[in-house]
Amino acid sequence: MIINRKKTTSFILILFLFFFGLDWESVQLMDSNFLSYSTNQQVYLMMGPLLMAIAIFIWIGYLAKRWHQFNWLTSCLLFLVCSFATGWLAAEYNDFVDTWLGQQFDQSAFLDYLLAFTGAVGEEVIKLVLVGLLAHCLNYKTPAQLFIIGCLVGLGFQWVEDLSYVFLAENLDDSLVTAITRLSNGFCSHWVYTGITGYALSHWFSTDQKIQGPKAIGLICLIILLHFIWNSPLSEFFLLPITLNLVTALIYLTIVLILDHQSINPLFKQQTLIYFKQ
């Protein structure tokens with residue numbers, strides 16, 4: 001009874017985050033200049049983020065099916081929920097922290113780095129909390145399950161954030177530049193970060209938390225560090241953005257290879273299920 005009550009509470013919280021986020025994003029759209037553009041202009045601006053989200057979603061769905069985790073319908077429903085459950089919360093958090101820190105430090109050089117750090121920590125923690133809530137409701141604990149959920153949470157966060165930046169740009173030219181910039185950086189962004197942190201979170205459910213716990217914390221802190229560097233003025237250094245993307249992609253692909261090996265090795269798969277209390 002206690003477990004069902006906890007799951008019910010988590011489910012209600014997820015629904016609240018989703019419906020409140022859907023309303024919040026709708027209000028942002030209505031207040032933007034985007035609706036003043038012609039239909040063709042609106043389609044062109046939205047095409048990049050939408051096509052990128054579809055391509056990445058197909059990849060995530062392929063992995064979920066290959067690893068026998070959940071079907072396409074479940075993936076679609078999770079993606080829909082994830083698209084509106086966290087973005088608004090991160091935006092409100094960032095606005096509050098930016099305002100407060102701006103009052104404390106004015107326009108000091110240190111402020112840019114501090115905002116980059118608080119933004120990275122806040123966004124990654126908020127997304128990871130949703131991963132945990134979904135995992136709790138669905139009783140998902142294995143690395144493959146939380147990795148897929150993390151990718152869906154990150155992708156939902158990412159494509160709505162991309163569209164929000166396009167919608168809130170001051171004019172058509174800024175919207176176009178924003179759409180191109182977000183598209184160029186989108187294939188190694190939030191969906192990759194949260195997939196990795198979701199994989200790390202799964203190790204909290206292992207039977208050997210004394211060993212796996214520090215590893216999970218270390219991996220999550222590494223992603224926050226990479227996110228912080230990307231947000232900070234350090235990313236303006238020559239070749240650093242490419243280096244960050246390569247490091248992030250290498251971590252992601254390493255995890256994919258590990259999970260793929262587990263999915264095709266029956267003995268290792270059975271050991272994994274026992275290890276993660278499935």
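The exercises below look at salt bridges in a predicted model. Residues are numbered from 1 along each chain as its sequence is written. In this predicted model, local features need pLDDT of at least 70 and side-chain atom pairs count only at pLDDT 80 or more, while totals for chains, interfaces and linings use all residues, and side-chain values use heavy atoms, with hydrogens and water left out.

**Exercise 1.** Find which residue forms a salt bridge with aspartate 260, and state where the two partners lie.

*Solution.* A salt bridge is a side-chain nitrogen of Lys or Arg within 4 Å of a carboxyl oxygen of Asp or Glu. The partner of aspartate 260 is arginine 66, with the closest N and O atoms 2.4 Å apart. The pair links distant parts of the chain, since aspartate 260 belongs to helix H10 (residues 240-264) and arginine 66 to helix H2 (residues 39-66), 194 residues apart; helices here are DSSP runs (H or I, at least four residues), numbered from the N terminus.

**Exercise 2.** Decide whether glutamate 124 and lysine 127 are buried or exposed, and describe how the two are placed.

*Solution.* Buried means under 20% relative accessible area, exposed over 50%, and partly exposed in between (1.4 Å probe, protein chains only). Glutamate 124 has 2% relative accessibility and therefore counts as buried, and lysine 127, at 0%, is buried as well. Their side chains meet in a salt bridge of 3.1 Å, N to O, and both residues lie in helix H5 (residues 109-138), 3 residues apart, which is about one turn of the helix.
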